[in-house]
Amino acid sequence: MVANPILYIALPLFTAFLVPLLAKLWKPLVRIVPGLVLAYLAIMSVVLMQQVSPEKPIIAMIAGWKAPWGINLVFTSFSGFIASLISILAFFIWLYSFGFKKVEFDDAQKYFILFMLLTAGSIGVVLTGDIFNMFVFIEITSLSAYALTAFYKGRDGAEAAFKFLLIGSFSSIMLLLGIAILYTYTGTLNMAHLALLMPQVPMHAKITSFLLFFVALGIEAEMFPLNGWAPDAYSQAPGPIAASFAGILAKAGIYALIRVSYTIFDLGDHGGFELLLVMGLITMVVSELVAMRQENLRRMLAYSSMGQMGLIMIAFGLGTKEGIYAGLFIMFNHAVIKSLLFLASAYLVYYTSRKKISDLDGFGKLLPLTSLLFGLGAFAIVGLPPFSGFWSKLSLLIATANSHMEFVLATVLAVSVIEIIYYFRVLGRLYFRKAHKEIKVRKPTWNSVVTMIVLALVIIAVGVHPDFITGLLHNAATDLADKADYIQKIIPDLFSQTLN
Amino acid sequence: MNSLIILLFILGGGALLSYFAFLSKHAFGQAVVWLVAIASPVYFFTQVAVGESFSFSLGGFELALGFNHYSWVFALLIMVLSPLSLIYSTGYMKSRLRLGTFYFSFIFSIFGMMGILMSRDLVSLFIFWEIMTWASYLLVIYRGKDVEHTGIKYMIFSAVGAYSMFMAIVILNREMHSFDIATVIQNFGNMNAADQWLTGILLLIGFAVKSAVMPLHVWAPGAYTNTPTSFTAVFSGGLSKMGVYGIGLVLLNLYSHSDFSQVGIYLAWLGAITAVMATFRAVFQNDAKKLLAYSSVAQLGYIVAGIGLGTELSVFAGIYLAILHGAFKGTLFMAVGAVERQAGTTDMTKISGLIKNMPWTFFAALVAIIALAGIPPVGGFVGKWMLYEAAINSEHMFLVILIFISSTAAFLYSFRFLFGLFLGQQEEETAHIKEAPAVMVVPMILLSLFLVLMGTFPGIIFKPIAAGMAELGFQGVPWHMSVLYNMWGDSVNLTYVSITFGTVFLLGLVYITLIARKGTKHKLSTKDIHTAGEIPKPEDNLNYSLDFYKPFERVLSPLLKHKLDVYYNEFGKGLEALFNFMRRIYTGNGQTYALYVVVFLVALILLSGRIFGI
Amino acid sequence: MNQILTYSVYGSAILVMLIGIYAVLTKKNLIKIVIGLSIMDSGFNLLLVALGYIKGGTAPIFSPAVAGKDVLMVDPVPQALVLTAIVIGFGVTAVALSLVIRLYRKHNTIKIDEIKTLKW
């Protein structure tokens, strides 16, 4: 099979524009073709992940221009891992939403186009080796995310989307400003080249630029206090889209944040990591505390998602290899588990317009399988063994302890208790309350059941046997931690010049 | 394949299998439960032995399993008590819903407990600990009563305990570069004092939650009461002992060679205070199950006091009482469960005089109560003897007084329990009640016979305990099959004691059946009275169990007025109010959010000098 | 003199951006907020073009007229960036305006502080 990182972006983008034409041929193609493309990408991810290693990244040049002059796509153990995660998850979310909007054809068409754009943009953010290119992909992702948030006309999607757009515009301006500053001082946009030239940049410019990047990408990565858009967008978007916000969009955002702070700016040891750590801690604490008092299930999950993003920032903010490993592990778990939770919750609150937690009473009997899977997801996300969430929590705590940060350790654990409380409250309602009378229940379709079961099986499999994933995580962590290696692999000539 | 793995496989696989079996057919499910209940102890007692080990690597951690003599003692208890309770459950839980979930959680928590006992490293210990916790949580909320209150409370306290343990584990790992318990014990002295204290306290908090030591006990009465009674037997009898096991491990093994072991005496104090407070609360309960729940907390207090004192004899007494408590509290909860199932309630003010209806249950409860009260010839006597002796020896006289008070007050509730449920006048409403089915009675009787055996020949359990003590650093603890020694050189031969008591008991039984029977021939109802010329209305509750210890309660009421629970609740409410306030950060106005972004950026730039240290 | 000119170019670009930010943060009218976003964008684009300008440079096109000669050219990259940014800005404005229409239909108002169904 043809396995080239370029296909990650080219195929879904192409499909997105092809879909309207295909619809003229045969309407179901609108549903089928995106799935085939995503399946291809998912298989390609597996193939590429076997080829790639920290020593041997796969670098694809667009139009034959070598870096730093051309735009290149860099599929390393780290970026490849995230890209694979996104593409495989995107396939499952497609599978889940295969029958989405069976009747309204136009809506379905829009949905699949936008979903493909979202996927292409997110993978682009992860794979690109060019900082301006990253900006463009972030904008593609954001625009499709705005549109998807406002997808339902009946809900308050437009309101959520407008808030998202308002904050997103600030994000794009700041990102461009940051890029402009870097460009003025270095004259390059290639990330490896930027990293190489970074010592030449005067300190104040470097810091200003870093802070602009930090805030702009912090918006995408749901950092407090920049995450006002997140709960609204999560709660108003269609169920599978909420899952892809957690699993795809936020992952791309945090990836960009990590890439910028780890690879491009060498500010980590000068306070950059501490900043990330502190912001992560604040994000986690605020989000989880607010999640505790939510009445709306989707909002609760959204705040919990933000809390997890905070946890990821803490892990990366430690700045050690163990921390990176833990952060990647949480990213993986969060993508899988939160997707499962969002997908299951979409059926639990299908017919209630307010999506209240109190409307969930007695669903354990009405929708046994969905409730069970939701419960499993809840167990996994709070980190109970033998589910996958436990191992990521363990690795995070080990990394935190080894960095001698007892306060962070205690805070993370205290917040975990709160997480347990609000998830278990929901479970209590699902299973131990009498159902409201005359409640309408939407039975899950076969394809969504398959999706949810696959995700649940992944959670259990990784929980019982984490070695399925630890090897990949170790490679990815090694890859990210070695910045010089990244530069050398991408621009070997310039790198050796600088050395001499 | 390794026998430890097979044992875990039987339990874990059995748990999953029972869930799916109950989904298909009730009879299948019952069959699986029976299979597990028989296979696991049979396999355990025939194939598993101390010294076997199994190590493997999982997720980059080196994990090791294997019993030592100390954990073996507790494993014996679990493997006797849990299968009996499982068998009992098949009778008790008939015709209930969600049996799959029930048995899954039941067997899975046994899996967790056995796992804890065979863990030789802290990671697997924690994994099994968490499994046990959530499995038992599912059982606490199984009946759907009070899920938001009792259930959440149990989970919060468990989580607090588990996470403080978690924190200690990772800090220990940082210092030792290993999770292996043996390594930790060896190198503990090399750690700096601050870390020693931090990890020690955190670990103790973790284990103290499960063994319901004050002030972390508030979850216990509610959780014990809410759980289906067949599991409460294991919950109070076996699961809480995991905390005791852990406290022993921490205090006597991990920390024995450092200053930290002084903490033990404070723990002993907490245990004794817990015992006194819980005993008084138990005395005034109207509900038999709740009474037993409080009594469990009290008994655990004793046990912790014993372990905390840390002398050879007190630890011996503590472990012995732990095993014994498992047996008698198991029996008592089973008895109450039988009453609950047959009479539909455990409220002592509603039922009475069940001795004729349920003689076997009464017999089991009687033996267990005797054990609880510490009267020979049943095992409890031996345990109390040793504990008193150890406490007196330790020269903490006030501690001795506390233990005395609580064990004396224990008589009050023991009496009330027995009298309230089984003795006294029978009400017409309860006349139709029949004895529980054999699957429920037989486990009870077996356990109570075991209690009698322990009273006569405590040596059978002394032997493994002495071996376990050696593991904790108390070499060559003297013991004898049926003779007790004390520090003043006296000895008591329990065989004679037992024979004497047995004879008296038999004579009494003969007397009751032959002669005293006549006395109760009069058919009198409790309603058949006149008080000061007033005829009581039919709905008036005139059961003598009502306000049983009223005068006593009046005296003690100032002491019992303050419930720790209330403070926790207030604290929780305060926090929730704070969180509610924090929600308002997210005002809903997009412009405000945009303002946050700008302000945040400006603030960062202004502070950049400080952040990046230029 | 040249210095002043350079700074005034940068300054005015930043001023335009600040005007945009002011509008976004203080105006209650949704349309005005969208206009503010556009102004913010334009200000930024101005700034970027100004950064890439080299005094006396020609358009960065390789034509026969400049081939082989040592000619000063303005930096082409910022111009490319600005082009992209303009396109994206256009897209964002279009989406924003369509959202405003949707909001107006649903809430019958375009005051941002009256549209707060999603909060806390």
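Is His404(A) buried or exposed? His404(A) is exposed, because 11 other C-beta atoms lie within 10 Å. The cut-offs, with C-beta atoms placed from the backbone, are 20 or more other C-beta atoms within 10 Å for buried, 12 or fewer for exposed, and partly exposed in between.

This is a predicted model, in which local features need pLDDT of at least 70 and side-chain atom pairs count only at pLDDT 80 or more, while totals for chains, interfaces and linings use all residues. Residues are numbered from 1 along each chain as its sequence is written, and chains are lettered from A and ligands numbered from 1 in the order in which they are written.

**Chain A as a whole**

- Chain A has 21 helices and two strands; these are DSSP runs numbered from the N terminus, with helices (H or I) of at least four residues and strands (E) of at least two.
- Chain A is as compact as a globular protein of its length, because its radius of gyration is 22 Å, close to the 23 Å from the globule rule for 500 residues. That radius is taken over C-alpha atoms, and the rule is 2.2 Å times the number of residues to the power 0.38.
- Along the principal axes, the C-alpha atoms of chain A fill a box of roughly 75 × 60 × 40 Å.
- Of the 500 residues in chain A, 68% are buried.
- Among contacts in chain A with a separation of 6 or more, 79% are between residues 24 or more positions apart. A contact here is a pair of residues whose C-beta atoms, placed from the backbone, lie within 7 Å.

**The two strands of chain A**

- Strand 1 (residues 58-61) and strand 2 of chain A run antiparallel and are joined by four bridges; strands count as paired if DSSP finds at least two bridges between them.
- Met61(A) has Asn72(A), in strand 2 of chain A, as its bridge partner.
- In a regular strand, side chains alternate between the two faces of the sheet.
- Strand 2 (residues 72-75) of chain A is covered on both faces, with Asn72(A) and Val74(A) buried on one side and Leu73(A) and Phe75(A) buried on the other.

**Loops of chain A to look at**

- Most residues other than glycine have a negative phi, and most peptide bonds are trans.
- The loop between helix 8 and helix 9 of chain A holds Glu222(A) and also Pro225(A).
- Glu222(A) has a positive phi, near 65 degrees, and it counts as buried because it has 32 C-beta neighbours inside 10 Å.
- Between Phe224(A) and Pro225(A) the peptide bond is cis, with omega near 0 degrees.
- Another cis peptide bond joins Pro385(A) and Pro386(A), with omega about 0 degrees; Pro386(A) sits in the loop between helix 15 (368-381) and helix 16 of chain A.
- His404(A), from the opening question, is in the loop between helix 16 and helix 17 of chain A, and its phi is positive, near 60 degrees.

**Where chain A meets chain B**

- This contact brings together 49 residues of chain A and 45 residues of chain B.
- Several helices of chain A each supply at least two residues to this side, including helix 6 (157-186), helix 11 (272-292) and helix 19 (467-481).
- Helix 17 of chain A gives the most to the side that touches chain B, with eleven residues.
- By class, the side of chain A that touches chain B has 37 nonpolar, eight polar and four charged residues. Ala, Val, Leu, Ile, Met, Phe, Trp, Tyr, Cys and Pro count as nonpolar, Asp, Glu, Lys and Arg as charged, and the others, Gly among them, as polar.

**The largest nonpolar core**

- The largest nonpolar core has 459 residues, and those with the most contacts inside it are Val215(A), Leu340(A), Ile459(A), Tyr320(B) and Ala368(B). Such a core is a set of buried Ala, Val, Leu, Ile, Met, Phe, Trp, Tyr and Cys residues joined through C-beta atoms within 7 Å.
- Helix 13 (residues 312-343) of chain B gives the most to this core, with 20 residues.
- Leaving aside neighbours within four places in sequence, Ala368(B) is in contact with Phe328(B), Thr331(B), Leu332(B), Ala335(B), Ser448(B) and Leu451(B).

**Domains of chain B**

- Chain B is divided into domain 1 (258-520), domain 2 (549-583) and domain 3 (588-614), with bounds from an automatic or database domain assignment.
- The C-alpha centres of domain 1 and domain 3 of chain B are 65 Å apart.

Technical notes. Two residues are in contact if their C-beta atoms, placed from the backbone, lie within 7 Å.
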